[in-house]
Amino acid sequence: MPSVSVKLYSVFFKLLLKHRLQNRIQATSDGSDPFGVTSRPEESVAAANASFMDGVATKDIHIDPFTSLSVRIFLPESVLRSPESDRKLQAKPRVRQNNPQPKSSDPEPIPRRHSYNSLNANPSPSPGHDQASVSLRNSYGFPQHNNGTHAFGSCTDVESLNLRASNGGNVIYRGYSPLVVNAKKLPVILQFHGGGWVSGSKDSVSNDLFCRRMSKLLDVIVVAVGYRLAPEDRYPAAFEDGLNVLNWLAKQANLAECSKSMGNSRVSGAEFKKLQIADTFGASMVEPWLAAHGDPSRCVLLGVSCGANIADYLARKAMEAGNLLDPVKVVAQVLMYPFFIGSVPTHSEIRLANSYFFDKAMCLLLWELFLPKEEYSLDHPAANPLVPGRGGPPLKLMPPTLTVVAEHDWMRDRAIAYSEELRKVNVDAPVYDYKDAVHEFATLDMLLKTPQAQACADDIAIWVKKYISFRGHEFSY
């Protein structure tokens with residue numbers, strides 16, 4: 001059984017959610033808002049930081065001028081290493097030394113990073129060591145070579161964003177601006193947050209922490225999608241937003257290739273672009289982080305709760321589109337406690353109807369707020385993945401699908417049944433069932449730092465690695 005603290009938090013969570021839904025219903029107008037909203041005022045938001053805070057850099061991008069659709073990109077710090085250095089680290093044998101004794105002729109150890117209270121704040125370089133080896137990483141900015149260029153494919157002084165501290169100090173904040181030449185390529189995960197269609201956001205504190213965790217565990221670029229929320233924008237707005245982001249990812253990859261073919265010149269460490277693809281305002285249309293480090297041919301869809309419904313819809317659309325999405329290839333998807341429902345109740349829907357956090361009565365109200373009144377049905381294609389005549393490609397064409405379910409989640413049986421249907425047509429579709437877990441046990445703000453949430457993230461990373469790693473390096477993590 002869940003702990004007492006989880007049970008108490010669930011009671012307050014339900015009361016608060018019910019109060020907010022009542023206010024949402026009263027404030028809902030008959031006409032839809034085409035621009036929409038992607039977050040609520042009561043949501044705790046984590047600000048984006050383009051430097052590698054906690055090992056991950058983030059930035060927000062508004063990708064659709066006609067709606068509020070936006071994304072947050074999570075870039076792991078591993079991109080600062082060149083591909084050659086990674087290969088050398090993998091090829092270098094590990095030798096264990098027992099109590100190594102430093103020789104008197106060896107040079108003094110060189111600090112890898114300076115601290116504020118370091119006793120040797122400005123060490124002089126030893127003979128035979130260049131300046132770059134003295135400080136491999138500073139607290140602010142990135143390491144520099146003697147010619148002024150930055151190591152590890154990072155930004156130059158011309159390309160970086162420099163902001164002086166407001167107190168007049170000499171602390172400089174540098175936003176990451178990659179070099180396209182010899183950049184490390186990483187897989188891309190499209191992540192869709194939960195919240196029952198009416199709440200949650202891509203930049204909430206809990207979703208930000210979860211995406212950072214997955215980015216570091218898998219060494220991937222995570223693109224968290226801020227889709228439009230209901231009831232301001234009902235179905236199919238959220239699904240269309242997900243499809244627009246998938247098409248935007250393909251467009252970015254093609255624009256990056258076009259930009260490469262136009263050619264760039266580099267003089268004294270600064271890049272001068274001969275031609276650039278720009279919009280009507282003169283701004284570059286190429287997203288630099290994705291252009292330099294994104295590998296869309298290794299794309300994974302990850303959905304949380306209702307976001308899993310969007311991810312499954314996009315997987316079907318991607319398989320249906322085929323080569324039209326090139327170079328984007330959806331190689332796998334992860335459905336974390338999907339928000340499935342149907343008119344015929346399953347055993348868990350009867351036995352666990354009054355379960356923790358999102359009980360069945362509350363979820364029925366959420367579906368009423370999401371689906372248009374004239375289309376409302378628990379067997380709607382967006383709600384029930386097993387309804388006959390759902391459309392789309394046959395199940396045997398679906399990508400490998402990992403389903404995560406919780407013991408005390410009333411939606412678990414339908415998610416397991418969907419996974420069984422995929423396995424019947426020889427799709428790799430395992431189910432990870434977590435004991436004593438509740439809905440959103442690995443992504444809810446209160447439960448994010450529990451050992452069970454960390455274990456779930458580790459399990460997902462192990463499975464996803466099979467499909468995003470190059471052959472021969474599946475178990476190199």
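Two strands pair if DSSP finds at least two bridges between them. Helices (H or I, at least four residues) and strands (E, at least two) are DSSP runs, numbered from the N terminus. The model is predicted, so local features need pLDDT of at least 70 and side-chain atom pairs pLDDT 80 or more, while totals for chains, interfaces and linings use all residues. Residues are numbered from 1 along each chain as its sequence is written, and side-chain values use heavy atoms, leaving out hydrogens and water.

**Sheet**
- Eight strands form an open sheet with mixed pairing, in the order E1-E2-E6-E5-E9-E10-E11-E12.
- Strands E1 (56-62) and E12 (431-434) are at the edges with a single partner strand each, so one side of each has no neighbour in the sheet.
- Strand E11 (residues 401-406) runs parallel to E12 and is joined to it by four bridges.
- Val 404 has Tyr 432 in E12 as its bridge partner.

**Helix packing**
- Helix H11 (residues 451-468) lies across E5, E9, E10, E11 and E12, at about 160 degrees to E10.
- Contact means heavy atoms within 4.5 Å; angles run from 0 to 180 degrees between N-to-C directions, with axes fitted to C-alpha atoms, for helices over the stretch in contact.

**Nonpolar core**
- A nonpolar core is a set of buried Ala, Val, Leu, Ile, Met, Phe, Trp, Tyr and Cys residues joined through side-chain atoms within 4.5 Å, where buried means under 20% relative accessible area (1.4 Å probe, protein chains only).
- The largest such core has 113 residues, and among those touching the most other members are Val 404 and Ile 460.
- H11 gives the most to this core, eight residues.
- Leaving aside residues up to four places away in sequence, Ile 460 touches Met 214, Val 334, Met 336, Leu 402 and Val 404.

Definitions and conventions: Buried means under 20% relative accessible area, exposed over 50%, partly exposed in between (1.4 Å probe, protein chains only).
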